[in-house]
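Let's take a walk through a protein model together.

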Amino acid sequence: MQNWERLTRQANRAYSNHAFSDAVELNREALMQAEKSFDDDFHRDAESAVAAAAVSFLNIAESYTALGDFISANTQFENAVNFLQAIMVRPDMDDDQRHLIMRTATHIRFEWELFAQSHGKSVSAQSKTLMRALSHAVSSAKGMVQH
């Protein structure tokens, strides 16, 4: 957890200094640390382990939002939910741990809804732009193959 805390503090400083790309990378590193030690940390202190992962996902989403990359931000919410769902089905969990996961999932869903209310149209517009760019790239590649 110490590496996660150190990386998260560095990411928060980067974000405060408007170095959003650096904040994304530092938060990704923090998330990797949280995931790497998750099983051990979860058995020692479930609340801290779950909070570390959730905070990292949300911080990455917030940094992507600051960069205007709403699709990547949205993906982080999806990743957080998938992460929690994978934990929820573990057979070795007790009722308190399940309740913790459900509370965390509810919080992430709330944050995701706020994000969607603020940036849903941007996500849709960005997604359409990406699909047009992809279609153009595919068309160009087809044109090259035919020649």
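Predicted model: local features only at pLDDT ≥ 70, side-chain atom pairs only at ≥ 80, totals over all residues.

Residues are numbered from 1 along each chain as its sequence is written, and side-chain values use heavy atoms, with hydrogens and water left out.

Let's start with the overall plan. The protein chain has 6 helices and 0 strands, and along the sequence the pattern reads α-α-α-α-α-α. Helices (H or I, at least four residues) and strands (E, at least two) are DSSP runs, numbered from the N terminus. Of the 147 residues in the protein chain, 33% count as buried. Here, buried means under 20% relative accessible area and exposed over 50%, with partly exposed in between (1.4 Å probe, protein chains only).

Now to helix α1, which covers residues 2–16. Its 15 residues reach 21 Å from the first C-alpha to the last, close to the 21 Å expected at 1.5 Å a residue; the expected span is 1.5 Å times one less than the number of residues. Trp-4, Leu-7, Thr-8, Ala-11 and Ala-14 are the buried residues of α1. Looking down the axis of α1, you would find these buried residues within an arc of 120°, so they line one face of the helix. The arc is that of the directions from the helix axis to the C-beta atoms. The buried residues of α1 pack against α2 (20–36) and α4. Just after α1, His-18 has a positive phi of about 65°.

Next, step into helix α2, where Asn-27 lies. Asn-27 counts as buried because its relative accessibility is 2%. Leaving out residues up to four places away in sequence, Asn-27 touches Ala-11, Ser-56, Asn-59, Ile-60 and Ser-63, where a contact means heavy atoms within 4.5 Å. One of these partners, Ile-60, is found in helix α4. Ile-60 has 0% relative accessibility and so counts as buried. Ile-60 and Ala-23 are 37 residues apart in sequence, yet 7.5 Å apart in space, C-alpha to C-alpha.

Gln-76 brings us to helix α5, where the buried residues include Gln-76 and Phe-77.

Finally, find the largest pocket, which holds about 190 Å³ of space. On a 1 Å grid over the protein atoms alone, a pocket is an open set of points where a 1.4 Å probe fits, with protein on both sides within 12 Å along at least five of seven lines; lining residues have an atom within 4 Å of a point. Grid points are joined across faces, edges and corners, and the volume is the space filled by probe spheres set on the points. Among the lining residues are Tyr-15, Phe-77 and His-119. The largest share of the lining, 5 residues, comes from α6.
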